[in-house]
Amino acid sequence: MPSLKALKNRIGSVKNTRKITKAMQMVAAAKLRRAQEAAVAGRPYAERMNAVMASLAAGVGASESAPKLLAGNGRDQVHLLVVMTAERGLCGGFNSSIVKLARARATELTAQGKTVKILTVGKKGREQLKRDWAQAFTSHVDLTEVKRIGYANAQSIAREVLAAFEAGEADVVTIFYNRFQSVIAQIPTMQQIIPAKFEGGSAEALYDYEPSEEAILADLLPRSVATQIFTALLENGASEQGARMSAMDNATRNAGDMINKLTIQYNRSRQAAITKELIEIISGAEAL
Amino acid sequence: MAGNLQFDLVSPERRLASVQASEVQIPGAAGDLTAMEGHAATITTLRPGILRAISAEGTKSYVVTGGFAEISAAGVSVLAERAVPLEELTGPLMDQLIADASEATAVAVDKDVADKAMSDLLAMKAAAGF
């Protein structure tokens with residue numbers, strides 16, 4: 001049985017923890033709103049881009065002259081996995097769920113005899129993957145200093161990925177991130193970006209192309225890679241804040257429960273001490 | 001009186017404009033073009049230049065650095081890599097655009113394309129009055 005003093009200290013410390021988690025939750029909520037706005041603002045561009053790419057790809061995709069970014073370079077030996085995680089922890093299962101998916105994919109590919117390379121975005125994923133996959137790391141993108149994710153960040157990642165593809169160091173590129181569904185649900189997602197896959201392409205819309213269909217496609221494919229990475233970064237940003245918010249909400253609630261439990265224990269011990277003293281006095285008086 | 005068409009200008013980060021315009025002047029890669037109601041469906045890439053949307057409220061100008069424009073029966077949507085309203089364009093921002101472009105030129109595989117983008121950018125700088 002801990003002493004009254006110890007219990008009191010314990011309650012004090014849990015109260016402090018609750019204050020911190022409560023504050024973190026509120027900060028995450030504010031950031032989440034901003035991140036969500038950014039994700040929503042980025043959507044029209046990504047959607048249009050996808051629609052145009054899909055119709056272009058449907059037109060050109062089948063021909064032999066299709067750009068490599070679309071058709072692939074004919075091999076699928078080296079897989080580059082771009083694992084996007086957060087720079088900070090304390091956000092529940094956010095980082096682990098992405099890493100888990102990436103790890104499963106990497107294991108699967110290795111079992112098939114493929115070469116796996118990993119590019120990590122965000123410190124947490126790198127830390128978690130270091131134990132098993134350190135030899136597969138190619139490079140790391142650090143976004144610690146970035147307050148607000150901009151298109152330029154996505155472009156620099158895209159440049160790196162494209163350079164690896166051009167140099168033949170990677171044949172297939174896949175990104176891993178958490179798709180934001182709601183504050184309590186983020187879906188770990190695996191998306192292949194090179195060779196590009198576009199959904200729902202139909203060649204029904206007849207356009208004039210200026211300069212040529214192929215030239216436009218060649219110009220747009222690298223942009224589309226950057227756009228997909230940008231979308232993933234934004235989704236990830238919103239997911240991270242959502243995950244942190246719900247994790248911190250849980251922590252705050254748990255701290256509250258703990259305080260209640262400890263307070264009851266404290267009150268009982270105090271009452272027990274009083275009762276004990278009374279009994280001592282009474283039995284002392286009776287003994288006279 | 002020519003009819004109106006829907007004009008959307010979006011950059012990866014936000015939607016800059018979504019208005020009814022009577023004509024849109026687009027700096028296409030193969031030359032400028034003006035889209036009005038009933039223009040043939042076209043997709044064109046952009047070169048760095050000034051995009052103008054003329055509507056009942058007047059003319060809005062934007063500086064774009066690249067991307068593409070889709071002209072269809074539904075309207076014109078311009079997907080610009082970077083777009084800034086002309087009145088918000090300042091000297092330092094212009095310098096930054098040029099610095100970014102020269103950085104891209106340094107690493108570009110296709111020198112001709114990068115050089116063209118650079119000269120377009122400088123021409124745009126002159127046209128914007130800097």
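This briefing describes the two chains of the structure, their folds and the contact between them. The model is predicted. Chain A has 288 residues, of which 36% count as buried, and chain B has 130 residues, of which 34% count as buried. In secondary structure, chain A comes to six helices and six strands, while chain B has two helices and ten strands.

**Overall form of chain A**

- Along the sequence, the elements of chain A follow the pattern α-α-β-α-β-α-β-α-β-β-β-α.
- The C-alpha trace of chain A spans about 110 × 40 × 30 Å along its principal axes.
- Chain A has a radius of gyration of 28 Å, whereas a compact globule of 288 residues would have one near 19 Å.
- Of the contacts in chain A between residues at least 6 apart in sequence, 80% join residues at least 24 apart.

**The sheet of chain A**

- Chain A holds an open sheet of five strands, in the order 3-2-1-4-5 and with mixed pairing.
- Strand 3 and strand 5 (186–194) of chain A are at the edges and have a single partner strand each, so one side of each has no neighbour in the sheet.
- From one strand to the next, the twist averages 20°.
- Strand 1 and strand 2 of chain A run parallel and are joined by seven bridges.
- In this pair of strands, A:Val78 stands opposite A:Thr115, a residue of strand 2 of chain A.

**Helices against the sheet**

- Helix 3 of chain A lies across strand 1, strand 2, strand 4 (172–180) and strand 5 of chain A.
- The direction of helix 3 of chain A is at about 175° to strand 1 of chain A.
- Helix 6 of chain A lies across strand 1, strand 4 and strand 5 of chain A.
- With strand 4 of chain A, helix 6 of chain A makes an angle of about 35°.

**Helix 3 and helix 4 of chain A**

- Two packed helices are described by the angle between their axes and the distance between the axes.
- For helix 3 (residues 94–111) and helix 4 (residues 123–133) of chain A, the angle is about 35° and the axes are 10 Å apart.
- The crossing of helix 3 of chain A past helix 4 of chain A is right-handed.
- Helix 3 of chain A contributes A:Asn95, A:Ser96, A:Ile98, A:Val99, A:Arg103 and A:Ala106 to the contact.
- From helix 4 of chain A come A:Lys124, A:Gly125, A:Gln128, A:Leu129, A:Asp132 and A:Trp133.
- Sorted by class, the contact of these two helices of chain A has five nonpolar, four polar and three charged residues.
- The buried residues in helix 4 of chain A are A:Lys124, A:Gly125, A:Arg126, A:Gln128, A:Leu129 and A:Trp133.
- Those buried residues of helix 4 pack against helix 3, and also against strand 1 (78–84), strand 2 (115–121) and strand 3 (137–141) of chain A.

**A:Ile229 in helix 6**

- A:Ile229 is part of helix 6 (residues 213–287) of chain A.
- A:Ile229 counts as buried because it has 27 C-beta neighbours inside 10 Å, where 20 or more are needed.
- Apart from neighbours within four places in sequence, A:Ile229 is in contact with A:Ala154, A:Ile157, A:Ala158 and A:Ile175.
- A:Gln155 is 74 residues from A:Ile229 along the chain, yet the C-alpha atoms of the two are separated by 8.1 Å.

**Chain B**

- From the N terminus on, the elements of chain B run β-β-β-β-β-β-β-β-β-β-α-α.
- Among contacts in chain B between residues at least 6 apart in sequence, those that join residues at least 24 apart make up 49%.

**Where the chains meet**

- The contact between the chains takes 22 residues from chain A and 20 residues from chain B.
- On the side of chain B that touches chain A, strand 5 (42–46), strand 8 (67–72) and strand 9 (75–80) of chain B each supply at least two residues.
- Strand 5 of chain B gives the largest share of that side, four residues.
- By class, the residues of this side of chain B are nine nonpolar, six polar and five charged.
- Strand 6 (residues 208–210) of chain A and strand 5 of chain B run parallel, joined by three bridges.
- Across the two chains, A:Glu210 stands opposite B:Thr44, which lies in strand 5 of chain B.

Note on methods: Residues are numbered from 1 along each chain as its sequence is written. Chains are lettered from A and ligands numbered from 1 in the order in which they are written. This is a predicted model: local features need pLDDT of at least 70, side-chain atom pairs count only at pLDDT 80 or more; totals for chains, interfaces and linings use all residues. The radius of gyration is taken over C-alpha atoms; the globule rule is 2.2 Å times the number of residues to the power 0.38. A residue is buried if 20 or more other C-beta atoms lie within 10 Å of its own, exposed if 12 or fewer, and partly exposed in between; C-beta atoms are placed from the backbone. Two residues are in contact if their C-beta atoms, placed from the backbone, lie within 7 Å. Ala, Val, Leu, Ile, Met, Phe, Trp, Tyr, Cys and Pro count as nonpolar, Asp, Glu, Lys and Arg as charged, and the others, Gly among them, as polar. Two strands pair if DSSP finds at least two bridges between them. Axes are lines fitted to C-alpha atoms, for helices over the stretch in contact, and angles run from 0 to 180 degrees between N-to-C directions. A crossing is left-handed if the near helix is turned anticlockwise from the far one by less than a right angle, and right-handed if clockwise.
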